[in-house]
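Please look at the sequence and the structure shown below.

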Amino acid sequence: MRHKTVWLGPLLSALAALLLLYWLFQHFGLTLPDFWQKKPPAEDERQHYYLQLTRTADGQDAPQTTEIDLEEAVVGFVAAEMPAAYGEEALAAQAVAARTYAWQKYRSTGEICDDSTHCLAYLDEAGRRKRFGGAFGEYENKLRQASENTYGLVLAKDGQIVPAYFHACCGGQTETSAACWGGSSYYPAAACYWDTNCPVSGSFWPKEQLAERLEVPVSQLALLYIAQNTPSGRVKEVRCGSQRWTGSDFRQLLSLPSANFAWLEAKEGFWFTSLGRGHGVGLCQQGAGGLAAQGYSWRQILAVYYAGCDIVSIEDLADSDA
């Protein structure tokens, strides 16, 4: 009967080789499309969209603009904007928000860059390898899966793509864009109970330095006060004598982490405390991470922070504009 089992040896060897290949793919973050040559464009049935991405934050002497596939850009945006250790559903929600923000801004202004104070932070593959180190394979797979699972999807309202803002941590309540910057709001503020580790930050400004930064006499600092707050509790307006600032402008002027701030005057200067990090509008990244940990899907996460908005494909939006 020995001749009837001679096939077992080659079969076991083949299985061992397949297991080894699977381990290599997982360890080095490879996927079959990366290992084998990608399908020619004619064989890819999905619509591709491209951005002209200007790189300003990679150490170049001058900004450089390159064309990049939108989905490849989403991987780089999410890698730079949200911790890759977050759950897969949080990363997918961030992918939709980043894709929406990038495409809406690119279509309306004709430009998108990797400066997070102006557009979106971005990490190319080399940057991701450097940041993630030995965890590159694991995190790269998560990021690409987030883009793949939400391929081409954006947020819209009344058939129009919306500016899908997001921030690091809201401190328990998000803000509307109208309350933060004026103009229209595309989605309401939302209660956020999942950013449990939202930081409280402090900074000290000596009176002379603060007066110089605010361009007021030191003697007028005693007149510094919060004139108005937004419904979420953030500062809407600050006044000092004849000077006045929006809460957002005052925050930027003093490099405060959020507009949810207050201060205490001391003999030597002013102690400022701030709750949260970022402008507070739209998706709270830390809150999204908390929701994902509780089992929320990426669609449910987006429904919390972008209430009243629809999730649609860019292709459908393009068809409706035609």
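Predicted model: local features only at pLDDT ≥ 70, side-chain atom pairs only at ≥ 80, totals over all residues.

C170 is buried, with a relative accessible area of 2%.

C113 is also in no disulfide; its nearest cysteine sulfur is that of C119, 3.6 Å away. With a relative accessibility of 11%, C113 counts as buried, because the limit for a buried residue is under 20%.

## The disulfide

How many disulfides does the rule give? The count is one. The bond is formed by C169 and C198, whose sulfur atoms are 1.8 Å apart.

The two cysteines sit in distant parts of the chain, 29 residues apart. C169 is in the loop between β6 (166–167) and α7 (177–181), and C198 is in the loop between α7 and β7. Are C169 and C198 buried or exposed? Both are buried.

## A three-stranded sheet

Strand β7 also belongs to an open sheet of three strands, in the order β7-β12-β11, with antiparallel pairing. The edge strands, β7 (200–206) and β11 (261–265), each pair on one side only. From one strand to the next, the twist averages 20 degrees. In general, the strands of a sheet pair through backbone hydrogen bonds, and the pairing is either parallel or antiparallel.

Between β7 and β12 (residues 269–275), which run antiparallel, there are seven bridges. Which residue of β12 is the bridge partner of G202? The partner is T273. Helix α8 (residues 207–214) packs on the sheet and touches β7, β11 and β12. The direction of α8 makes about 95 degrees with that of β7.

## Two residues with positive phi

Most residues other than glycine have a negative phi. E215 has a positive value, with phi near 60 degrees. This residue is found in the loop between α8 and β8 (225–229). Its relative accessible area is 66%, so E215 counts as exposed.

S255 is another residue other than glycine with a positive phi, here near 55 degrees. S255 lies in the loop between α9 (247–253) and β11. Its relative accessible area is 62%, so S255 counts as exposed. The limit used for an exposed residue is over 50%.

## Aromatic rings

The structure holds 18 aromatic pairs. One of them is formed by F132 and Y139, with 5.2 Å from centre to centre and 75 degrees between the planes. This pair is edge-to-face, because planes over 60 degrees apart count as such. Both F132 and Y139 are buried.

Y165 and W181 form a tilted pair, with 4.8 Å between the centres and 55 degrees between the planes. Y165 lies in the loop between β5 (160–161) and β6, while W181 is in helix α7, so the pair ties together parts that are 16 residues apart in sequence. Y165 counts as partly exposed, at 22% relative accessibility. W181 counts as partly exposed at 41%.

Ring pairs also link residues into a cluster, made up of W245, F250, F261, W263, F270 and F272. A further contact with a ring involves a charge: R46 lies over the face of Y151, at 3.8 Å from the ring centre.

## The protein as a whole

How many helices and strands does the protein have? There are twelve helices and 14 strands. The protein has 322 residues, of which 44% count as buried.

Contacts between residues at least 6 apart in sequence can be sorted by their separation along the chain. Of these contacts, 63% join residues at least 24 apart.

Methods:
Residues numbered from 1 in each chain as written. Heavy atoms only, no water. Pairing = 2+ DSSP bridges. Helix = DSSP H or I, 4+ residues; strand = E, 2+ residues; numbered from the N terminus. Axes fitted to C-alpha atoms, helices over the stretch in contact; angles between N-to-C directions. Contact = heavy atoms within 4.5 Å. Buried < 20%, exposed > 50% of the residue type's maximum accessible area, 1.4 Å probe, protein only. Disulfide = S-S within 2.5 Å. Phe/Tyr/Trp six-rings, centres within 6.5 Å; stacked < 30°, edge-to-face > 60°. Lys NZ or Arg CZ within 6 Å of the ring centre and 35° of its normal.
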